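Please brief me on this protein model. I want the local features that can be checked by eye in the viewer.

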Amino acid sequence: MHDLPPDLPRLRTLETWLTHTLDRVRQQIAAAEQREAERRHGEQVRPFEPDWLIEQGLDGRQAVYVHVGGCHMAGKRSKGVQRDQALRALADGVDACPHCQPDSELGYLE
């Protein structure tokens, strides 16, 4: 039993269809490879995530929370700081985020 047509016109039609399909598959492969290359490049050039964040209030002058870097509750007004700056902020009365608990992470005891 043969799974291909026996006559030349239908074989040529099948060849054309397969060639077209193969071209589409190769285009999709190229697009997927491009997306993967862009993803890898993005990971390489992504800025590092700071270990500690201080979130500023609406006025932009007063600190309202200290966060562990990457805390999902840190607002857009947060900036990365060094460990000693985070400790100093806690000592100055800035609240520790109740979600990420940077005071525990920093070993800060009141």
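The model is predicted. The count of disulfides comes to zero. The count of salt bridges comes to six. A nonpolar surface patch of about 270 Å² is made by Leu4, Leu8 and Leu11.

**Cysteines**

- A disulfide is a covalent bond between the sulfur atoms of two cysteines. The cut-off used here is a sulfur pair within 2.5 Å.
- By that rule, the model has zero disulfides. Cys71 is in none; its nearest cysteine sulfur belongs to Cys100 and is 3.6 Å away.
- Cys97 is likewise in no disulfide. Its nearest cysteine sulfur is also that of Cys100, at 3.7 Å.
- Cys71 counts as buried because its relative accessibility is 12%, and buried means under 20%.
- Cys97 has 3% relative accessibility, so Cys97 counts as buried too.

- His67 sits in strand β2, which covers residues 63-68.
- Is His67 buried or exposed? His67 is buried, with a relative accessible area of 1%.
- The side chains of His67 and Glu55 are joined by a polar contact of 2.7 Å.
- Beyond four places in sequence, His67 touches Cys97 and Cys100, among others. Its other contacts include Asp51, Trp52, Leu53, Met73, Ala74, Ser78 and Pro102.

**Gln56**

- Gln56 belongs to strand β1, residues 52-56.
- Gln56 has 14% relative accessibility and therefore counts as buried.
- Which residues does Gln56 contact, leaving aside neighbours within four places in sequence? They are Arg61, Gln62, Ala63, Val64, Arg77 and Lys79.

**Salt bridges**

- Side chains of opposite charge can pair when their charged atoms come close. The cut-off here is a nitrogen to oxygen distance within 4 Å. The total is six salt bridges, and three of them are described next.
- Arg88 pairs with Asp84 in a salt bridge, with the closest N and O atoms 3.5 Å apart. The two residues are four residues apart in helix α2 (residues 83-91), so about one helical turn separates them. Arg88 is partly exposed at 46% relative accessible area. Asp84 is partly exposed at 44%.
- Salt bridges that share partners link Glu36, Arg39, Arg40 and Glu43 into one network.
- Within that group, Glu36 and Arg39 form a salt bridge, and their closest N and O atoms are 2.4 Å apart. Glu36 and Arg39 are three residues apart in helix α1, so about one helical turn lies between them. Glu36 is partly exposed, with a relative accessible area of 31%. Arg39 also counts as partly exposed, at 40% relative accessibility.
- Arg10 forms a salt bridge with Asp7, and the closest N and O atoms are 2.6 Å apart. Arg10 is partly exposed, with a relative accessible area of 48%. Asp7 is partly exposed too, at 27%.

**The leucine patch**

- Which residues make the nonpolar surface patch of about 270 Å²? Leu4, Leu8 and Leu11 make it.
- Leu4 lies in the segment before α1. Leu11 is found in helix α1, residues 8-45.
- Leu11 has 30% relative accessibility and so counts as partly exposed.
- Leaving aside neighbours within four places in sequence, Leu4 is in contact with Leu11 and Leu14.
- Leu4 and Arg26 are 22 residues apart along the chain, and their C-alpha atoms are separated by 24 Å.

- Most residues other than glycine have a negative phi.
- Gln101 is not a glycine, yet has a positive phi of about 50 degrees.
- Where does Gln101 lie? Gln101 is in the loop between β4 (95-96) and α3 (102-106).
- Gln101 counts as partly exposed because its relative accessibility is 42%.

Definitions and conventions: Residues are numbered from 1 along each chain as its sequence is written. This is a predicted model: local features need pLDDT of at least 70, side-chain atom pairs count only at pLDDT 80 or more; totals for chains, interfaces and linings use all residues. Side-chain values use heavy atoms; hydrogens and water are left out. Patches are made of residues with over 30% relative accessible area and no salt bridge: like charges are joined within 9 Å, nonpolar side chains (Val, Leu, Ile, Met, Phe, Trp, Tyr) within 5 Å. Accessible areas come from the Shrake-Rupley method with a 1.4 Å probe; for residues, only the protein chains shown count as cover. A salt bridge is a side-chain nitrogen of Lys or Arg within 4 Å of a carboxyl oxygen of Asp or Glu. Buried means under 20% relative accessible area, exposed over 50%, partly exposed in between (1.4 Å probe, protein chains only). Contact means heavy atoms within 4.5 Å. A polar contact is a pair of N or O atoms within 3.5 Å; within protein, one must be able to donate a hydrogen and the other to accept it, and residues adjacent in sequence count only if both atoms are side-chain atoms.
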